Structure formats: structure tokens, C-alpha cells
Amino acid sequence: MKSINKLPENFQDFEEARRDGFLTIKELKDSGKNIVGTFCTYTPKELIYAAGAVPVSLCSVSEETIPTAEKHLPKNLCPLIKASYGYALTDKCPYMYFADMIVGETTCDGKKKMYELLGELKDTYIMQLPQTQDKERGMDLWKEEVSRFKDKLEKKFNVSISKEKISEAISQINDERKLLKEFYSLGKLTPPPLSGYEMHKVLNGVSYTFDKKLQNEKIREIIENLKEIDRNKSSKVSVRAPRILITGCPIGGVAEKIIKPIEDAGAVVVSYENCGGAKNLDRLVDETIDPIQALAEKYISIPCSVMSPNTDREDLLKRLMDEYQIDGVVEVILQACHTYSVETHMIKRVVTKEKDVPYIALETDYSTGDTGQIKTRIEAFIEML
Ligand code: BJ8
């Protein structure tokens, strides 16, 4: 594959989107917009839009703030949690700085306990997320929580959120999801017209792109360009490149350490099952039913390892493996993430026994200390595919 370090021209808007968004968020704040910081895929961001506010993903992917966080938090905690809290302590995340409030959910133990400390620094609202997707046992609580979050936003921003406003936001975000799905589904092609590194940059960058109309236009343009590459058979990816699916924890903080060595070794990442990819975007919100019910159904169905059981993750994984003709699965575990770590046993069984596909689990953190070791393990894995 040609160098993945230089992105095609129309991808560059998304490459440094997090950094480029710093100025935009200040402008939005100065213009009177309310800002709501989010951490997790479970946040029903449609309600934030319906309140006339702007949702923004808070910084959590750098090791820079971890030493400060470790003054309050244990060292053997997930780097994503430590980095998030470290940003709040050091005031180094402009998104957090400008946020009027933060919303978190009771997902894993580390996150929900960190939110209690975060609440001492910022107005932090916690949604009580049930840990079961069982309709009878979890849905009533979650629907109530979605409704309570709406009430909180109304009170906080002194606005009224009508059903019509929620439906409008649902439709708008569904349109964005459909387009992003169309984009990442190009990974099904052989060879795919883009590298996994490029796909990641775009999927990651949209979290920090605030003009969604412009974002949709740019994604459409990228899709058309990629389709042309496919028609012209001019993809830089080799038709023989082993096709990799990445699953597990969010990879924003370790993308360079994982994706690059995979693609430098001659393989190509064609599918992301984790948050930022299919886990978040695969399912739309039902536009034909009551909007609160529809939001509750969509978000509780996210197959994260904090759910018990989490069999929907296995179903999604198997479907993606078929649709994207996967040759190898790479599971990424952030250090001290117990829920994903325990699930590796089930995931490995599904991948290797049920689907007869090679699998590797890589446990890592945000430091560069294990970069060489991860690279060596990835190279050995790709070599055997
Ligand atoms: S929906 S994956 S964004 S919880 S990696 S902090 S689980 S110890 S980030 Fe996540 Fe929402 Fe689930 Fe997605 Fe805890 Fe694990 Fe750390 Fe995690």
C-alpha cells in the first residue's frame, strides 16, 4: 500500500478536526450557544440538539494529562478515564472549558466513579444506564432516564423541548448516520478504495465537526471520489491485502500504535466494530414511533461490554465479518478495562471457533513504551494470515 501518512486532499478537513474545532467552539460560545460535553456513545445527543445546544466529545485521547489525573485516581485505571479527568483538572481541553454542563452515564465502574469527582469541577449530569438490554428489566428505567435528561436540559437552558424538535433532531442525525454508514461500507469493496487509517480519520473527525450540513456535503464528496477510485480500479490498496476488523475499546488514543503497523505490514483495516464505527452507527433511531421511546430503544441497544449479557456484540461482529469478508480480527483492550478484557474470551471463541478466523487481542495504554512490542506482535499476526 502507498504511504498512509498523507491523506487525500478531501480527507484533510477531518484530519485535525479536534484541534481545528477549538476555535469554532469558542465562536459558538461567544455567539450565545450552549455547549454540552459528552464522553460516551450512550448519550442521546438528539436531545441536546433539540434543546438548541451543541454536543461535543470531550478530550480523552492523550497521555499528557494522565500524571495530573493520577494525583487523584489510581494508576491502574483505564487511560481513557484518567486522560478525561486529567483534562478537567488541567483545563487543557477547550471543549470542557467552554462546556456549560457535562453528561455522563453509569457505564463501567471507573467512569462512573470518576464522574463523581468531575462533578466537583463542572456541572456533571449522570444518566443511570441499566446494565441489561432486556426489554422488561432495563427499558423502563432507561426510558425514564432519557426523559429526565430532557427535563434537565430544559431546566438548565431555560428552554422547552417539544416532541417536534426531538423528531427533527432524530431525522437530522439519522441522515448523518446513513451517510457515514455509506462511507464506511465502502470497506466492503475488494480492494477497498481507502485505507483503514483514512477511514478512522474521517470517523473520528466528525465528532469535532460542528457544521453538520457542511460535514454531510464533504462526506458525500468523499464517497463519490472513492466510488470513482473503485470504478477506475485505482485503489492504492492491494487486492491481496488481508482484510482486518478492529473491535474492542475505543481506539482514539492508540490509533497510531495499532492501525499504522497493521497497514504497514501489508494488511488493510476494512471495518471498525467499536465506538466510532458500527457499534455507534449501525442502528438508526426509529422515526415512526414516540421520539423518547425511539431514543431509548436505539441507545440501550448499543452493544458495549458494560451490558450483561452482551450477545448483540457477538451478532454484530459475526455480521460484519461476513459482510466485509474479514481475514483477521484485532481486538484492542485499554489497560485495566475489565469489561472488554473479560469479554475477550467470548469474542475469541466466536471469531476463531464459529467463524474460523484468526484473532489477536492487544492490551495497551496511551504511552509509547509498548509501541515496538505491539508492532512486532501485529507483524507476526499479519504474516500468518
Ligand atoms: S459505549 S465503549 S464510549 S462505555 S475503555 S472507559 S469501558 S474501562 S469507553 Fe465506552 Fe461508552 Fe462503552 Fe463506547 Fe470503561 Fe473500558 Fe475505559 Fe471504556
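Start by selecting strand E5, residues 243–248: E5 and E6 pair in the parallel sense over four bridges. Strands here are DSSP runs of E with at least two residues, helices are runs of H or I with at least four, and both are numbered from the N terminus. Two strands pair if DSSP finds at least two bridges between them. What you have open is a predicted model: local features need pLDDT of at least 70, side-chain atom pairs count only at pLDDT 80 or more, and totals for chains, interfaces and linings use all residues. Residues are numbered from 1 along each chain as its sequence is written, and side-chain values use heavy atoms, leaving out hydrogens and water.

Next, click arginine 243: its bridge partner in E6 is valine 268.

Now show the whole sheet. It is open, with four strands in the order E6-E5-E7-E8 and parallel pairing. At the edges, pairing on one side only, sit strand E6 (268–272) and strand E8 (359–364).

H17 lies across E5, strand E7 (328–334) and E8, where contact means heavy atoms within 4.5 Å. It runs at about 175° to E8 (axes are lines fitted to C-alpha atoms, for helices over the stretch in contact; angles run from 0 to 180 degrees between N-to-C directions).

Then pick isoleucine 262. Which residues is isoleucine 262 in contact with, leaving aside neighbours within four places in sequence? Ile244, Ile246, Ala267, Val269, Val330, Ile378 and Ile382.

Last stop: the ligand. 16 residues surround the ligand, each with a heavy atom within 4 Å of it. The closest are Cys40, Cys108, Cys275, Cys304 and Cys337.
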